[in-house]
Amino acid sequence: MTTPPEIVLELTDICLSFGGLKAIKNVSLTVGKRELVGLIGPNGAGKTTLFNMTTGVYCPDQGTIALSGQTISGLPPHEINRRGIARTFQNIRLWGNMTVLDNVRAALHKTARAGLWQIIAASHHHARDEDRLREYAREQLAYFDLIRFENDLAKNLPYGEQRRLEIARALATNPTVLMLDEPVAGMNTGEKVHLMELIKRLQADRRLSILLIEHDMKVVMGICERVAVLDYGEKIAEGPPEAIQKDPRVIEAYLGAPQTTAATN
Amino acid sequence: MPNRLTVSASSTQRTFTWYALYALVIMLLSRTVVGWVGAYYEQILIFIGINITLAVSLNLVLGFAGQFSIGHAGFMALGGYSSAALSYFVLNPALMSLPLDGMLHAVLENVALAIVLFAGGIAAAIAGLLVGIPTLRLRGDYLAIATLGMGEIIRVVILNTNFVGGARGFTDIPRWTGFTWVYLIAGACVLVVRNLIASTSGRALTALREDEDAAAAMGINTTRHKVMAFVLGAFFAGMAGGLLAHYMQYLHTNSFTFLRSIEIVVFVVLGGGGSITGSIIAAAVLTVLPEALRVAQSWRMVSYSLLLVIMMLTRPQGLMGGREFHWSWILPRRKQA
Amino acid sequence: MEQFVQQLINGLSLGTIYALIALGYTMVYGILRLINFAHGDVYMVGAFFGYYVARFISTQLGYVPSMLNFFLVLAASMAGCAILGFVIERGAYRPLRRAPRLNALITAIGISLLLENLGQLVFGADPKDFPNLIPRTTLSIGVLTVSNIQLIVVATAIVLTLGLEFIVHRTKMGTAMRAVSFSGDAAGLMGININRVISFTFVLGSALAAAAGILVGLYNPKIDPLMGIMPGLKAFVAAVLGGIGNIPGAILGGLIMGTAETFTVGYLSSTYRDAITFVILVAVLLFRPTGLLGTPARSKF
Ligand SMILES: Nc1ncnc2c1ncn2[C@@H]1O[C@H](COP(=O)(O)OP(=O)(O)OP(=O)(O)O)[C@@H](O)[C@H]1O
Ligand SMILES: [Mg+2]
C-alpha cells in the first residue's frame with residue numbers, strides 16, 4: 001500500500017431530507033488528490049442527491065463539505081464551480097441550441113479577460129482574447145475527438161458524443177475535482193470501455209480528482225482505485241473494488257447479484 | 001493562424017468604420033429620400049426605427065438570455081419622461097436664452113438631444129437594475145408577470161406625477177429629433193447587441209437561456225448575467241422612449257401600458273428569438289402592416305392577434321428561427337476552400 | 001369606523017368576483033403550469049353572453065326582472081363560456097402541451113388579444129348597459145347599507161364555490177383533477193385520461209368566469225370588450241397571493257384583493273386602484289412566492 005493521497009474533497013457527516021424523506025443520512029466521503037473514486041448504489045440510493053449537494057444545488061441540512069480545506073457548503077453553484085468543482089449530469093444537460101464549439105466556449109467564460117466596454121466596442125484586446133479562447137476550445141474538442149462536429153448544434157450530436165461533450169464542457173471550467181454522474185449510462189460495452197479509457201487518460205493528463213457514479217459494477221471495478229457504496233441514503237461500505245465486491249452488505253443491497261451488472265437501467 | 005489574427009486586430013476599426021459608413025448613409029438618406037417621401041411616410045420610417053431599437057433590445061433579454069420580460073414599455077416610458085423633463089425644464093430654456101445664430105443653435109440642439117437621450121437611457125437602466133435584481137430570481141411565467149407588474153407600477157407612478165403632466169400628458173416637448181437620430185440609435189443598438197452576443201459573455205447569456213442550472217454548474221453567475229442583459233435592454237428602451245418624446249413632442253402614460261410591452265414581445269417572437277435580423281424585419285413589417293391595413297381598421301388587430309397564435313402553433317421558432325440573415329442567402333455562394 | 005366597515009363590505013363583495021375568476025386561474029395553473037392569460041377575457045365574454053341572453057329573454061318573453069330571469073341568464077352564460085373554454089384549450093393549448101412554456105404563454109397572450117379584438121368587432125367597442133335583471137333595493141343596518149345585489153353576488157359565489165368543492169373532493173373527476181395536478185405523468189401512468197381532465201378543468205374554470213361576468217354585470221352595469229383585462233390580472237394576482245394551484249387560497253386571495261382595492265380607493269386615491277394590485281403581486285413574488293396557503297417546496301432537478 002502506498003501512503004494515502006492528500007485529501008481534496010471532504011464531505012463530513014452530511015444529511016439532507018426532502019420533506020419527510022431522509023435522502024442522505026450522515027454520509028462522510030473523501031476524494032484524494034488525483035484519485036478516481038467510484039460511487040455506486042441501487043436506484044434512488046441518493047447518489048445524484050449527494051452530487052447536487054456538493055455542487056451547491058442543495059444546501060446540506062447538517063454536516064460540511066470542504067474543498068482543499070475550505071468550506072464550500074452553502075455557496076451558490078457558480079461559486080462552487082469557480083472554486084474548482086465541475087460536474088456532468090445524469091440526464092444530459094447540454095445547451096442544445098448552441099453549437100458544440102460554443103458549448104465549450106461558454107464554459108470558458110470565466111477565463112475571458114475583456115470587460116463589457118471592450119466587448120461592446122469590439123476592442124483589439126477583446127478580439128485577441130476571443131481568438132485565444134476559440135483556439136483553446138478547439139484543442140479541447142480535438143482531445144475529445146469532437147472537432148469534426150464543432151459547428152453542429154449540440155442537440156443534434158449522437159448520444160455518445162453528447163456524453164463526451166458534457167465532459168469536455170465541464171473540463172473547460174478548469175476544475176480540480178470532476179464529478180461524473182453515470183457517464184456511460186445507456187452505452188454498449190464497447191463504448192463504455194472506450195469512455196472509461198478516456199476518463200482514465202484524463203485523470204493522468206489533467207492531474208484531476210474524479211468522483212464517478214455508476215450502476216454497472218464491472219465498469220467501476222475496472223478503473224476505480226476506491227469505491228463507496230450508498231444504499232437508502234447511507235454509506236454502507238467503502239474500500240478497494242475487490243473488497244467491495246465481496247462485502248455481504250453490498251451484495252444484499254444489490255439483491256444478491258454481486259458479479260453481474262445488477263440494477264442497471 | 002496569422003490570417004485570423006490580422007483580421008481581428010483590426011476589428012475595432014472595422015466596427016467604427018462600419019458604423020461611420022452607416023451613419024453617412026443615414027444622413028444622406030435623411031437629406032434625400034426622406035425629404036421627398038413626405039411627412040406621413042417619414043413618420044412611419046421613424047416609428048420603424050424606434051420599434052427596431054425596442055425589439056432588438058428586448059431580444060437581448062428575451063431571445064438571447066431567455067428571460068421573459070413584459071415590462072419593456074415601462075422602461076421606455078421612464079426614459080421618455082426623464083429625457084423630456086430634462087429638455088423641457090432645463091436644456092431647452094437654457095438653449096432659448098442664448099443669443100445664437102442658426103448654425104450654432106442647431107449644433108447645440110443636437111448636443112442637448114444626445115445628453116437627454118443618454119440621461120433617459122441611464123434612468124431606465126437604473127430602474128432596470130432596481131427591478132432586475134429582485135425579480136430576476138424568478139423564473140419563466142412568474143418573471144413575466146412580475147415584470148408586467150413593475151412596468152405598470154412605473155406607469156402609474158408617472159401618471160400621478162404632476163410636474164410631468166400627470167393624467168393630462170406631457171406637452172410641448174421640443175422637437176429635436178427626426179429620421180437621422182432615430183436610425184443612429186437603432187444602429188448603435190444593433191451593433192452593441194451583436195458584439196455582445198458574439199462574445200464569451202454573450203455565449204454565457206445564451207447558455208442561461210438553454211439551461212440555467214447547467215449554466216450555474218459551469219460557473220456562470222446567472223443573476224449577474226441576467227441583470228446585465230436586463231439593464232442593457234432597459235437602457236436602449238429608455239433611449240427609444242426619449243426619441244419618441246422628442247419626435248412626437250407629447251407623451252401620455254396610455255401609450256405605455258403592458259399592451260405596448262406585449263407588442264414588443266410580439267416583434268421578438270415573430271421575428272424569432274435570438275435573431276437580430278429577425279427582430280428588425282418583424283419590427284419593420286409589423287409597423288407597416290397595420291398602416292397598410294388601415295382600410296380594414298377593425299380587422300387589423302384581430303388579424304394581428306390571430307397571426308400571433310397561428311405562428312406559435314405552426315412556427316414557434318419565429319420567422320428566422322434564431323438564425324441571422326446572411327448575404328449568402330441571396331448572392332451566389334462562393335466556393336468554400 | 002362606519003366607513004371602515006362599509007368599505008370592508010364593499011371590498012368583500014367585489015372580492016368574491018375576483019375569487020370566482022381566480023379559481024379558474026388556479027385550477028389551470030395547477031394542472032398545466034400555464035398562466036391562462038385569456039381567462040380574464042372569457043369572463044368578459046361571459047358578461048356579453050349574459051347581456052345578449054337577457055336581451056333575448058326580454059324581447060321574446062317580455063321584460064320581467066326576477067330571480068328566475070337571473071338564473072336563466074347565469075346558466076346560459078356559464079354554458080356558453082364552458083364551450084368557449086373547451087374550444088380554446090382544444091384549439092390553442094393542447095397542440096403546445098409539450099412545447100416550451102414560453103410558447104404556451106405567448107399563445108395565451110395571443111388568444112387574450114384575439115378575444116379582446118374580436119369582442120370589439122362583434123360587440124362594438126363602446127360600453128353597453130347590462131340589463132337590470134333584479135330590481136335593486138338597499139337594506140340599511142344602522143349606518144351601513146348593503147344592497148340586495150351585493151347579497152346575491154356573495155350568495156351565488158358561495159354556492160358556486162361549494163359546488164366546486166364538491167366536484168373536486170367528492171367526484172371521480174375531481175379526484176382525477178387532483179391527481180393530475182399532483183403529477184401529470186404519474187396520473188397518466190395510472191390510467192387517468194389526462195386530456196379529459198384538462199378539458200374538464202377549462203370547462204369548469206370558464207363557467208366560473210362567466211358567472212363572475214354576470215355578477216359584475218349586476219354590480220356595475222357597464223360592460224365593454226376590454227373589461228376583462230384588469231380583473232383578469234387582479235384575479236391572477238389573487239391566485240398567486242393565495243398560493244397558486246390552491247383552491248381555498250384563490251378565494252382568500254380574491255377577498256384580499258377586493259378589500260385592498262376598495263380601501264385604496266377609499267383612503268388613498270382612485271388612481272392607485274390598479275397599482276395596488278401590482279404592489280401586492282411584486283411583494284408576494286419577492287417575499288413569499290408560494291403564496292399564503294401554498295407549501296414551500298425544494299425544487300430543481
Ligand atoms: N428534489 C427532490 N424532491 C424530493 N425528493 C427527491 C428530490 N430529489 C431526489 N429525491 C429523492 O431522493 C432519493 C434519492 O434520489 P437520487 O436521485 O439521489 O438517487 P440516485 O442514487 O441518483 O438514483 P439513480 O440511480 O436512479 O440515479 C430518491 O428517493 C428520490 O426520489
Ligand atoms: Mg442519479
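Modeller: Gladly, and let us start with the metal. In this predicted model, the magnesium ion (ligand 2) is coordinated by A:Thr48 through OG1 and by A:Gln90 through OE1, at 1.9 to 2.1 Å.

Colleague: What makes A:Thr48 and A:Gln90 count as coordinating the magnesium ion?

Modeller: Donors are N, O and S atoms within 2.8 Å of the metal (3.2 Å for Na, K and Ca). The two atoms sit at 1.9 to 2.1 Å, so they pass the rule. Water is not among the atoms, so the site may look incomplete. The pair also links distant parts of the chain, 42 residues apart: A:Thr48 is in helix 1 (residues 47-54) of chain A, and A:Gln90 is in the loop between strand 6 (85-87) and helix 3 (100-107). Helices (H or I, at least four residues) and strands (E, at least two) are DSSP runs, numbered from the N terminus.

Colleague: Why are A:Thr48 and A:Gln90 called partly exposed?

Modeller: Buried means under 20% relative accessible area, exposed over 50%, and partly exposed in between (1.4 Å probe, protein chains only). A:Thr48 has 26%, so it is partly exposed. A:Gln90 has 32%, so the same label applies.

Colleague: Where do the numbers and letters in these names come from, and which parts of the model count?

Modeller: Residues are numbered from 1 along each chain as its sequence is written, while chains are lettered from A and ligands numbered from 1 in the order in which they are written. As the model is predicted, local features need pLDDT of at least 70 and side-chain atom pairs count only at pLDDT 80 or more, whereas totals for chains, interfaces and linings use all residues; side-chain values use heavy atoms, with hydrogens and water left out.

Colleague: How do you know that A:Lys33 and A:Glu6 form a salt bridge?

Modeller: A salt bridge is a side-chain nitrogen of Lys or Arg within 4 Å of a carboxyl oxygen of Asp or Glu. For A:Lys33 and A:Glu6 the N to O distance is 3.9 Å, so the pair qualifies. A:Lys33 is partly exposed at 46%, and A:Glu6 is exposed at 53%. By this rule, the count over all chains comes to 27 salt bridges.

Colleague: What makes B:Glu212 and B:Lys226 a salt bridge, and are they buried or exposed?

Modeller: Their closest N and O atoms are 3.0 Å apart, so they meet the rule. The pair links helix 10 and helix 11 of chain B, 14 residues apart.

Colleague: How do you know that chain B and chain A are in contact?

Modeller: Contact means heavy atoms within 4.5 Å. Here, 35 residues from chain B and 37 residues from chain A take part. About 3000 Å² is buried between them, 61% of it on carbon and sulfur atoms; buried area is the accessible area (1.4 Å probe) that two parts lose on being put together, summed over both. There are 4 salt bridges between these chains, and B:Arg203 and A:Glu130 meet in a salt bridge at 2.6 Å, N to O.

Colleague: How many salt bridges are there between chain B and chain C?

Modeller: The count there is 0. Even so, 36 residues of chain B are in contact with 39 residues of chain C. The buried area is about 3400 Å², of which carbon and sulfur atoms give 81%. In chain B, B:Asp141, B:Tyr142 and B:Ile145 lose the most area to chain C, together 19% of what that side buries.

Colleague: One last topic: what is noted about the phi of A:Tyr232?

Modeller: Most residues other than glycine have a negative phi. For A:Tyr232, phi is near 50 degrees, a positive value in a residue other than glycine. A:Tyr232 is found in the loop between strand 9 (226-231) and strand 10 (234-239) of chain A. Its relative accessible area is 65%, so A:Tyr232 is exposed.
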